[in-house]
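I start with the terms, then go through what I looked up.

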2 protein chains.
Amino acid sequence: MHYELYYWPEIQGRGEFVRLALEESGVGYTDVARGKGGTRKMMRLMQGNALKTLPFAPPYLKAGKLWIGQTANILFYLGARHGLAPKAEAGRLWVHQLQLTIADFLVEIHDAHHPVGVNFYYEDQKPEAHRRGEDFRASRAPKFLGYFERVLNKSRGPFLTGRRVTYADLSLFQVVDGLRYAFPKSAVRLEKKHPRVVEVHDRVAVRPRVRAYLESDRRIPFNRLGIFRYYPELDG
Amino acid sequence: MHYELYYWPEIQGRGEFVRLALEESGVGYTDVARGKGGTRKMMRLMQGNALKTLPFAPPYLKAGKLWIGQTANILFYLGARHGLAPKAEAGRLWVHQLQLTIADFLVEIHDAHHPVGVNFYYEDQKPEAHRRGEDFRASRAPKFLGYFERVLNKSRGPFLTGRRVTYADLSLFQVVDGLRYAFPKSAVRLEKKHPRVVEVHDRVAVRPRVRAYLESDRRIPFNRLGIFRYYPELDG
């Protein structure tokens, strides 16, 4: 099946978690909004009445007759189909649980620079971001990373749920990569305490399909429009 | 199957979405932390090594041999088993997509009183909360409620996905109920513009099992410890 991904063309954002899964799967897909007129098409579909399963926001995925919204939901769908999650229910639920915890972490990573809300520029919430950033570095980031470290310590393999890579591992790779970009100083300190998390990052980064993707121009560079944003003053 | 729910005993919080699904299903369950020594047991399980599928935070559910974490994941599991979601994949994914959008809405509802972070008291982030609360009332709440209103307008029945109630409808009931508690003045105004959302609330509230639950002491009253908190100054 050839998939169509609908996501903002200028950022990694939440769409990146889907892109990584599609790339690692080796399936064919079109990143629709990155093509000519694609963003307009994406917006029209969201504003119009054609989609029965209307998405609240990008990313959403066209998979045959299905239109699937919400990042974790898309990954749930793709995972079992393309070997990025176990096929059995217990395993699927466990990988999904991990993905939803990564989603919670992403909210906190984003809100470190946007505590007052998405409708305000960063420049209009700098003191608040400074305070939240401090708490993020000292408390929230270690709490989430510590959790994944514990999960990895219990795992029977190098990945979160064992010897086989899942979409949750791809997502954890992206989190580590993003933290390195957004909080370069803090990331050094955090990574020392969470070596197994870093190992997941490193193992995912060298998988042939992921590596080819990261080196291609399909990978949008990090920038100050996405979830992970580099503001030196938030890095302590 | 007799379920065991693990969640904080003094709040509705995210556990309430699971409680509502369990109650509407009519299945047997124990709200473990509300029993003697239950909170200690809940914490010990999270801190110990016994659980293979370690949860990051409550709620988590014991279902036979499975231990399932993350609210939306628990509901995904329960939904198809107890008639609160379609059994077919397309329908399950659609209900789950709606639930994940409700989860996103909940984060914003919570953060209206805690923009700087969960590690600070409300009293230590009042100016920030005031600003975020204003944006929440004027922009974010209408955006989310408007989305669910659109979904309901496209539905072939009174509920989000048609004629049958799903766990996403139960969750939408809880959101409306919570907004009435936390933002009583704003809720009046918001509800006028979203009559179909209110209809879901009203239909869920009178379902016999839900009503019996709401009238029982199993339903913990809203209070200033949960997601929905009433601070008059945040209600405009």
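I take two residues as in contact if their C-beta atoms, placed from the backbone, lie within 7 Å. Helices are DSSP runs of H or I with at least four residues, numbered from the N terminus.

The model is predicted: local features need pLDDT of at least 70, side-chain atom pairs count only at pLDDT 80 or more, and totals for chains, interfaces and linings use all residues. Residues are numbered from 1 along each chain as its sequence is written, while chains are lettered from A and ligands numbered from 1 in the order in which they are written.

Entry 1, chain B. I looked up which residues join α1(B) to α3(B): B:Phe17, B:Val18, B:Ala21 and B:Ser25 of α1(B) meet B:Thr71, B:Ile74, B:Leu75 and B:Leu78 of α3(B). I sorted the residues of this contact into six nonpolar, two polar and no charged (Ala, Val, Leu, Ile, Met, Phe, Trp, Tyr, Cys and Pro count as nonpolar, Asp, Glu, Lys and Arg as charged, the others, Gly among them, as polar).

The axes of α1 (residues 15-25) and α3 (residues 71-81) of chain B come within 9 Å and cross at roughly 15°; axes are lines fitted to C-alpha atoms, for helices over the stretch in contact, with angles from 0 to 180 degrees between N-to-C directions. I therefore note α1(B) and α3(B) as roughly parallel (angles under 35 degrees).

An automatic or database assignment sets domain bounds, here domain 1 (3-81) and domain 2 (89-234) of chain A. I find 18 residues of domain 1 of chain A in contact with 21 residues of domain 2 of chain A.

Note on methods:
Helices (H or I, at least four residues) and strands (E, at least two) are DSSP runs, numbered from the N terminus. Angles under 35 degrees count as roughly parallel, over 145 as roughly antiparallel, 65 to 115 as roughly perpendicular and the rest as oblique.
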